[in-house]
Amino acid sequence: MDLGRAGAEVSVFAGFLDDAAVFPPGLKPLPQAVPDHAAHLASGYGELVGPLVLAAPALAELGAVAAEPLDLSVTAPGGPAQLPDALGRAADLPVRLAGFEVAVPAESSVPEFFRALEVAGDVPVFVEVPRDSRRAEVIATCAKTGHAAKFRTGGVKAELYPDEAELAAAVHAVVRAGVSFKATAGLHHAVRNTDSSTGFEQHGFLNLLLATAAARSGAGEDELVALLAERDGARVAALVSEVDPAARESFRSFGTCSIDEPVAELVDLGLVPASALEGGVTA
C-alpha cells in the first residue's frame, strides 16, 4: 500500500478539526463557545482548527456574542428551506460562511433537493449522504454539481455507527467520484476503539484519514475495511506519518465537540509537537 510520503507535518492536519462544541455531547452554551473558539485559534494548535459549527437557528443569537470576524459552518437539519434565512442573518453578522451542511429530507427526491440548494449561491455545500438507497444518486449528483458530501459516523445509539464495510464503501464511492467530504458524530478518538461507557464501536478519525488516502491510491474496499478496523495506535500513527497531505483534498475535516482532546491524542501519538498544546482552552 502506497499512501505517499509527507512526514508527521502539522500541515497534514491543517483545518482538520471543525469546532462543534455546541452540539451533543458537548452542548457548550453559545456565549462560551464563541470566545473559546477564538482562544483555540490563538493557541499553539490554532492551525488545526476549522470553522465554528452552528445550527441555523443559532444565528439569531449570534449577534449578541460575536464581536470579532468569525468563520462559520452552518448546519441545516431541516433541509434547504433553512438556507435563505441563514443567508440573511449571516449578512448582518461579522461572519464568513465557510459552508452549509444540509441533510436530505426523507420526503424529498434527490433532484428536488439539489434544485433547492441553488439558493446557497457561492457558499460551499456539504450534503449529508443518507444511509439508504439514495446514497449512490446523491454522491453522483454531488459530483455533477460540485457539492461536497458529509458522512455521519456515529451518534447516541449503536445503530447510528456505520460498520467498517459500510464506511469503506462510502469513502471508496466518493473518492472514485471525485467528491470531497467531511465527517460528523462519533469520531471521539484518533484510533478505532470500543467506548468503555457505552460499548459502542467507534471509528478513529486517523483510521478514516488512512482509508481515504488508500482509496486515493487505488486500494479496494477490503483494504479500506482493514484500515478502518486497525486498533494499534502505534501502527496507525506510523502510517499516518507517511500520508500525502493531498488526502485532505478528499477528507476535508470532521466535527468535534472537544477540540483539545483530539489535539492531545495527536500529540500523544507523536504526530503533532507537544508545544502545540500551549495556550489552549481551559475546561
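A crossing of two helices is left-handed if the near helix is turned anticlockwise from the far one by less than a right angle, and right-handed if clockwise. In the predicted model described here, the crossing of helices α7 and α9 is left-handed. Helix α7 comprises residues 205–216 and helix α9 residues 233–240; the two pack at an angle of about 45 degrees, and their axes lie 10 Å apart. Since angles under 35 degrees count as roughly parallel and those from 65 to 115 as roughly perpendicular, α7 and α9 are therefore oblique to each other. On the α7 side the contact is formed by Leu 206, Asn 207, Leu 209 and Leu 210, and on the α9 side by Val 236, Leu 239 and Val 240. By class, six of these residues are nonpolar, one is polar and none is charged.

Helix α7 also packs against helix α8, at an angle of about 160 degrees and with the axes 8 Å apart. Angles over 145 degrees count as roughly antiparallel, and α7 and α8 are therefore roughly antiparallel to each other. Their crossing is right-handed. From α7, the contact involves Asn 207, Leu 208, Leu 210, Ala 211, Ala 214 and Ala 215; from α8, it involves Leu 224, Leu 227, Leu 228 and Ala 229. This contact of α7 with α8 has nine nonpolar residues, one polar residue and no charged residues.

The crossing of α6 and α8 is right-handed. Helix α6 contributes Glu 164, Ala 165, Leu 167, Ala 168, Ala 169, Val 171 and His 172 to the contact, while α8 contributes Glu 221, Leu 224, Val 225, Leu 228 and Ala 229. The residues of this contact divide into nine nonpolar, one polar and two charged.

The strands form a closed sheet. Eight of them make a barrel in the order β1-β2-β3-β4-β5-β6-β7-β10, with parallel pairing. On average, and with direction ignored, neighbouring strands of this sheet are turned by 30 degrees against each other. Strand β1 (residues 17–19) and strand β10 (residues 251–256) run parallel and are joined by three bridges. Within this pair, Leu 17 has Phe 254 of β10 as its bridge partner. Helix α3 (residues 83–91) packs on the sheet, where it touches β3 (70–76) and β4 (95–103); the direction of α3 makes about 170 degrees with that of β4.

Leu 27, located in the loop between β1 and α1, has phi near 50 degrees, a positive value in a residue other than glycine.

The mean pLDDT of the chain is 93, with 95% of its residues at 70 or more. Residues 1–10 have pLDDT below 50, and this stretch makes 32 contacts in the model beyond near neighbours in sequence.

Notes:
Residues are numbered from 1 along each chain as its sequence is written. This is a predicted model: local features need pLDDT of at least 70, side-chain atom pairs count only at pLDDT 80 or more; totals for chains, interfaces and linings use all residues. Side-chain values use heavy atoms; hydrogens and water are left out. Helices (H or I, at least four residues) and strands (E, at least two) are DSSP runs, numbered from the N terminus. Contact means heavy atoms within 4.5 Å. Ala, Val, Leu, Ile, Met, Phe, Trp, Tyr, Cys and Pro count as nonpolar, Asp, Glu, Lys and Arg as charged, and the others, Gly among them, as polar. Two strands pair if DSSP finds at least two bridges between them. Axes are lines fitted to C-alpha atoms, for helices over the stretch in contact, and angles run from 0 to 180 degrees between N-to-C directions. pLDDT is the predictor's confidence in each residue, from 0 to 100.
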